[in-house]
Amino acid sequence: MRRIRVLVHPTCASSYEVVRHLAARELLDKVELIVADNPSIGLRHGAWSVPWVIVGWEPAAADPVTPQEVEAMVRNEIVSLPGDPVEAFMKTVLYSAYASSVVTVWGSLDPVLDEDLASAAVRAPLTGISPNRVLADVRDRAGELYEKWIGMIYRALGVSFVREMWWSTGGSITPEELSEAATPAVVGAWLLAKASLGRVGLPSNPRGRVVEAAKAISGFVARNAKGLINKVKKEQEKILGDKEYWSIISKFTRRY
């Protein structure tokens, strides 16, 4: 039987759905469920986001991924990629807060043109699609793709910012407090931290690189503060309050 590793984080909504689905179908004992709550775990497995699925030794899926896709991988069923591989790659960048922040800080797709990320995006070990071919196609259209996707990336990062503000205040932040806190300077500092490990991964001169993006994200958060808090609160309270889910995580998690 082929080795399948599924990296998750308990607070991730997609991870939650995958774990709950595999548990309901009694498939968790057929995968290595790994909680990426330690930096070394994510680095060791090359995870750009969670869920991050490795089949054999190759990245085979990343968010956005459906529980049904992961089930098909576990059952060794046919997995196909609906739609365009370049579109799949860009969606994977969008759904990764880390990749999205790197793109935003650099103002370019260049730093995320990674073979493992492309492999996960197009389910390469299962579809036979060449990650390097996908990267070549993305590189050829990089300017066009950046302009098309950057607005969506800003909005996705805005949701991530609100989620982390909600965590950092113990879930007590009000829309007024969020609007006041989400200044361009604060959002810009958050972006720089999000896109780096210490200073690793930052542009050689990061000064001023996030001004425009920080203003756009700050404005998005301020305009939609109440709705964004409600969205995050609903998502996180569902996950954090599901005792059965946390019992499943505790029972099946392998820590390495």
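## Pockets and aromatic pairs in a predicted model

By class, the lining of the largest pocket comprises 19 nonpolar, 10 polar and nine charged residues. The structure described here is a predicted model, and the values below are computed from it.

That lining is made up of 38 residues, and those that lie nearest the centre of the largest pocket are Ser49, Val50, Ala97, Tyr98 and Lys194. The volume of the largest pocket is about 1,600 Å³. Several helices take part in its lining: α1 (13–24), α2 (39–44), α4 (85–95), α5 (97–106), α9 (142–168), α11 (184–194) and α13 (225–240) each supply at least two residues. Among the contributors, α9 gives the most, with seven residues in the lining of the largest pocket.

The second largest pocket has a volume of about 250 Å³, and its lining counts 16 residues, of which Pro64, Leu81, Pro82, Lys91 and Arg123 lie nearest the centre. Here α4 gives the most to the lining, with four residues, and α4 is also one of the helices that supply at least two residues to the lining of the largest pocket. Divided by class, the lining of the second largest pocket holds seven nonpolar, four polar and five charged residues.

Turning to the aromatic side chains, the count comes to four aromatic pairs, and the table sets out two of them.

| Aromatic pair | Centre to centre | Angle between the planes | Arrangement |
|---|---|---|---|
| Tyr16 and Tyr245 | 4.6 Å | 65 degrees | edge-to-face |
| Phe161 and Trp190 | 5.4 Å | 85 degrees | edge-to-face |

Because Tyr16 lies in helix α1 and Tyr245 in helix α14 (residues 243–252), their pair ties together parts that are 229 residues apart in sequence. Tyr16 is buried, with a relative accessible area of 7%, and Tyr245 is likewise buried, with a relative accessible area of 0%. Ring pairs also bring in Trp246, linking Tyr16, Tyr245 and Trp246 into a cluster.

Technical notes
Residues numbered from 1 in each chain as written. Predicted model: local features only at pLDDT ≥ 70, side-chain atom pairs only at ≥ 80, totals over all residues. Heavy atoms only, no water. 1 Å grid on protein atoms, 1.4 Å probe; cavity = no way out; pocket = protein on both sides within 12 Å on 5 of 7 lines; lining within 4 Å. Points joined across faces, edges and corners; volume = space filled by probe spheres on them. Nonpolar A, V, L, I, M, F, W, Y, C, P; charged D, E, K, R; others polar. Phe/Tyr/Trp six-rings, centres within 6.5 Å; stacked < 30°, edge-to-face > 60°. Buried < 20%, exposed > 50% of the residue type's maximum accessible area, 1.4 Å probe, protein only.
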